[in-house]
Amino acid sequence: MEVLRSILSCFSSRPRSRARAQSHRLWSSGASDKNKAMVEQLQRYGIIRSSKVAEVMDAIDRGVFVPPGGSPYSDSPMPIGYNVTISAPHMHAACLELLEKNLQPGMHALDVGSGTGYLTACFALMVGSEGRAVGVEHIPELVATSIENIKKSAAAPHLNDGSLSIHIADGREGWPELAPYDAIHVGAAAPQIPEALIEQLKPGGRMVIPVGTVFQELKVVDKKLDGSVSIRDETSVRYVPLTSKEAQLHAN
């Protein structure tokens, strides 16, 4: 994980102008307009190390989940409307790597701030029809869009059989109806870790969540079998804030 941390630091902690330059160098060398090429680049740079993560990201075409006019295969966050973005491919890959052991067939996974549905779709392929992949998003229009996106993706059968679902809800409250979760991913930065999400994490489960305001860290939260919780910093990141629907829509 030290290798992953050092790689992510190159993307996440440097000034944005340098990050853009690095992104250009990373993707301009190959056929970056193809999903498969994107996954292969992430493997080549050591961000994807798991064959399962590579298989799932290859199967779920990111282009389906980025609005028209965006550059879905560029290693950069893309605006999806409503003052939010879909995370860069390297961040999705890193979070899948961190959560892989908690995304085994039959497990339950929660995606907070599911946006256009990309990572929830990846979760569904990993946990399978015997598991549950749950997305929560407080913008109704994004929920509707994400469902249509998933219908066009390799995760469509999981939407049809009910093992994948997207709900309109305040992500800070999680989705208690299907808790506890083996894996929780939070796609926006909270000022502190919401207690509701810790409560909904299964003993033995793991959550990845960006925390902070001006300065943010991607935190890895592990709940031990006895219910105690350990928290460590993975890398510096920059996410949109995890906030109320009203505050998000009126953000400057």
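Me: Two strands are said to pair if DSSP finds at least two bridges between them; how many bridges join strand β3 to β6?
Reply: This is a predicted model, in which local features need pLDDT of at least 70 and side-chain atom pairs count only at pLDDT 80 or more, while totals for chains, interfaces and linings use all residues. Residues are numbered from 1 along each chain as its sequence is written, and side-chain values use heavy atoms, with hydrogens and water left out. Strands (DSSP runs of E, at least two residues) and helices (runs of H or I, at least four) are numbered from the N terminus. Ala109 stands opposite Ala183 in β6, and β3 (residues 108–112) runs parallel to β6, the number of bridges joining them being 4.

Me: Through which helix does the chain cross from β6 to β7?
Reply: Strands β6 and β7 (residues 201–212) pair in the parallel sense over 4 bridges, with Tyr181 opposite Leu201 in β7. The crossover is right-handed, a term for a path from the first strand over the helix to the second that runs clockwise when the strands point away from the viewer.

Me: Why is strand β6 described as largely enclosed by the rest of the structure?
Reply: Buried means under 20% relative accessible area, exposed over 50%, and partly exposed in between (1.4 Å probe, protein chains only). Strand β6 covers residues 181–186, and it is largely enclosed because the count of its buried residues is 6 of the 6.

Me: Is Arg132 buried, partly exposed or exposed?
Reply: Arg132 lies in strand β4 (residues 132–137). Beyond its neighbours within four places in sequence, Arg132 is in contact (heavy atoms within 4.5 Å) with residues including Met107, Ala109, Gly162 and Leu178. With a relative accessible area of 22%, Arg132 is therefore partly exposed.

Me: How many of the residues of helix α5 are buried?
Reply: Helix α5 runs over residues 89–99 and is mostly covered. Its buried residues include His90, His92 and Glu97 as well as Leu96, and Leu96 is one of the residues in contact with Leu103. For α5, the buried count is 11 of its 11 residues.

Methods: Pairing = 2+ DSSP bridges.
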